[in-house]
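Work through the exercises below with the sequence and the model in view, and try each task before you read its solution.

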Amino acid sequence: MRKHFKRFISALLVVVMILAMLPTLAIAASESFEGTPVEGIPAEGTAFVIFNAANGVAMGAEATGGKSGGVGAATNEENDHIALRAGTGVYKLTDLGDGTYYITCGGRYLTATATNAFEFKDAKSTDAKWKIEKAPAGYYIRSMTKSHSSGPATIEVYNSAFSPYGFDGSTNADIFTMKFYSVDEKLADADGDGYMGTRPVAGEKPADGDKVVIYNDNAGMT
């Protein structure tokens, strides 16, 4: 009898643990978003993400030290959609009519500050102009004002972070090749700040026993 009672208590504890996890699982599920491949260059006003298939990451919503952290994205074997995570940057294009574009995230302009660095700025400028050029397996995003002897500053992924770098198209093309996926802006970026999902809010120093989320601004990841 005692053995059966212990088994019953053990089973009950497992059930309680599972039930306790349900809200957490529901929250985690709500912070997953679907990206749909875009045919060609996204239309002006379309909410989209910038994805590098070679590294399996999407460009984040923040830039620190001239770089934007990549946020992991999962491809789907059943279709060509991708699963995106909170912290991914939600972008829009402004077509300038001369083959160049402004790229904005939450109303801030992606701006090349050097051959190997960019920032998000509140004001538009010539350094915020980008050319989107067709590549064999996607697109190159090239600065119109920054260049190097190896070619125009082109957004690449290096050590899982996005930043521009001189590129002439001859080597390591996969890390410079970007793909665009549209997202439902009302679901992915309801407040329009360019940060996909719920942005973590920093609080006071945790007390002993507090449960916290550790978040890195540069990577845009928890």
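**Exercise 1.** Name the residues that form one aromatic cluster, and find which charged ends sit over rings of this cluster.

*Solution.* F48, Y91, F120, Y139 and F180 form one aromatic cluster, where rings of Phe, Tyr and Trp (its six-membered ring) pair if their centres lie within 6.5 Å. The model is predicted, so local features need pLDDT of at least 70 and side-chain atom pairs pLDDT 80 or more, while totals for chains, interfaces and linings use all residues. Residues are numbered from 1 along each chain as its sequence is written, and side-chain values use heavy atoms, without hydrogens and water. Next, look for charges over a ring (NZ of Lys or CZ of Arg within 6 Å of the ring centre and within 35 degrees of the ring normal). R108 lies over the face of F120, 4.9 Å from the ring centre, and the charged end of K134 sits over Y139, at 5.1 Å from the centre of that ring.

**Exercise 2.** Classify the pair of Y102 and Y109, and decide whether each residue is buried or exposed.

*Solution.* The structure holds 8 aromatic pairs. In the pair of Y102 and Y109, the ring centres are 5.3 Å apart and the planes stand at 80°, so the pair is edge-to-face; planes under 30 degrees apart count as stacked, over 60 as edge-to-face and the rest as tilted. Y102 has a relative accessible area of 10% and is buried, and Y109, at 15%, counts as buried (under 20%; exposed is over 50%, partly exposed in between, with a 1.4 Å probe and protein chains only).
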